[in-house]
Amino acid sequence: MPTSTPGPGPQPRTPAGGGDPAPPVLAEVVRSGFVEGRHRGSLVLLDPDGTPELVLGDVTSPVFPRSANKPMQAAAVLRAGLPLAGERLALAAASHSGESFHLTLVRMMLDEYGLTAEQLGCPPDLPLDPVEAEAYLAAGGVRERITMNCSGKHTAMLAACLRRGWPLDSYLDPAHPLQLLVRETVETAAGERVAVSGTDGCGAPLLGLSLTGLARAFRAFAGADEGSAERAVADAMRAHPEYVAGTRRADTWLMRAVPGALAKMGAEAVQAVALPCGRALAFKIEDGGGRAVGPVLSRALSMAGVRDAVLDLVGSAPLMGGPVPVGEIRAAF
């Protein structure tokens with residue numbers, strides 16, 4: 001699927017109080033039959049030819065996709081000449097849960113390239129998955145760079161720099177050759193210029209896109225030509241989704257259940273998905289409320305034509321009253 005030449009990037013949002021209309025409500029928090037809260041946000045669904053089919057809220061101003069940009073970062077690593085494939089390439093595009101198989105592979109990759117955990121630019125952290133974090137702490141574990149969910153990406157970035165002879169100590173500088181290649185890859189896939197940039201939670205440069213541009217990028221990756229870096233990343237993620245996320249994560253469930261689907265979450269309640277039919281979607285919950293992502297994702301996928309029991313699993317967000325479910329977070333569109 002060809003990508004378009006990047007056009008002018010979306011313009012930054014007007015600061016709070018500048019008169020922007022409130023985003024629409026995408027999810028409601030319902031407890032004991034009473035709506036006690038709402039999550040607002042914006043969402044775009046592209047039809048099979050890439051035209052916006054459903055638009056809710058502002059899908060043309062930039063947002064920070066956060067880790068939803070990782071497939072593009074992984075493609076840049078390939079374009080830099082690093083020969084990654086299979087689970088290793090999936091882990092390079094991952095926000096991994098910190099399960100034992102994730103950590104084992106990160107350590108293996110570091111050893112393979114003669115790198116150490118101390119060279120990783122990501123901060124020490126606990127496993128992303130709460131179950132894994134509890135088990136890790138119970139076993140006496142402490143925050144480490146390897147257990148940080150972006151450690152696979154950082155390992156791949158360092159390895160690519162080694163292969164090209166680029167500086168290692170400045171690999172996260174936005175002006176570094178690798179990060180310039182990431183920017184080019186992001187803009188080409190999204191079909192728009194990066195309008196705003198910052199620093200992600202892992203320390204890597206963060207490139208802002210519109211939700212429409214993010215959906216276009218996932219659509220471009222899912223339908224990319226055989227032999228391209230974009231197709232290699234998409235195929236690795238789809239073949240090894242447990243390395244992209246984890247055994248208890250929605251991205252894994254979705255890519256396992258819907259052959260050809262490509263899915264990646266981002267922090268602050270961002271989600272992007274491309275489907276084998278050519279449809280793609282992206283959304284962000286305005287307040288960063290991750291608890292609303294599952295119900296909104298399930299509803300959006302249903303509207304995109306997905307018919308699978310995985311939607312019930314992804315969309316389940318019960319509210320508890322003691323040990324008993326007394327409500328739910330539900331989609332409101």
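Modeller: In helix 6, the buried residues are Leu 178, Gln 179, Leu 181, Val 182, Thr 185, Val 186, Glu 187, Ala 189 and Ala 190. Buried means under 20% relative accessible area, exposed over 50%, partly exposed in between (1.4 Å probe, protein chains only). Helices (H or I, at least four residues) and strands (E, at least two) are DSSP runs, numbered from the N terminus. This is a predicted model: local features need pLDDT of at least 70, side-chain atom pairs count only at pLDDT 80 or more, and totals for chains, interfaces and linings use all residues. Residues are numbered from 1 along each chain as its sequence is written, and side-chain values use heavy atoms, with hydrogens and water left out.

Biologist: What do the buried residues of helix 6 pack against?

Modeller: They pack against helix 1 (70–79), helix 5 (151–164), strand 6 (205–210), helix 7 (211–222) and helix 8 (229–239). Contact means heavy atoms within 4.5 Å.

Biologist: And what follows helix 6?

Modeller: Gly 191, with a positive phi near 70°.

Biologist: Switching to strand 8. How many of its residues are buried?

Modeller: Five of five, across residues 270–274. Val 270, Ala 272 and Ala 274 point one way, Gln 271 and Val 273 the other.

Biologist: In which sense does strand 8 pair with strand 7?

Modeller: Antiparallel, over five bridges, with strand 7 at residues 262–266. Pairing needs at least two DSSP bridges between the strands. Ala 263 stands opposite Val 273.

Biologist: What about the turn between strand 7 and strand 8?

Modeller: That hairpin has three residues between the strands, and Glu 268 in the turn has a positive phi of about 60°.
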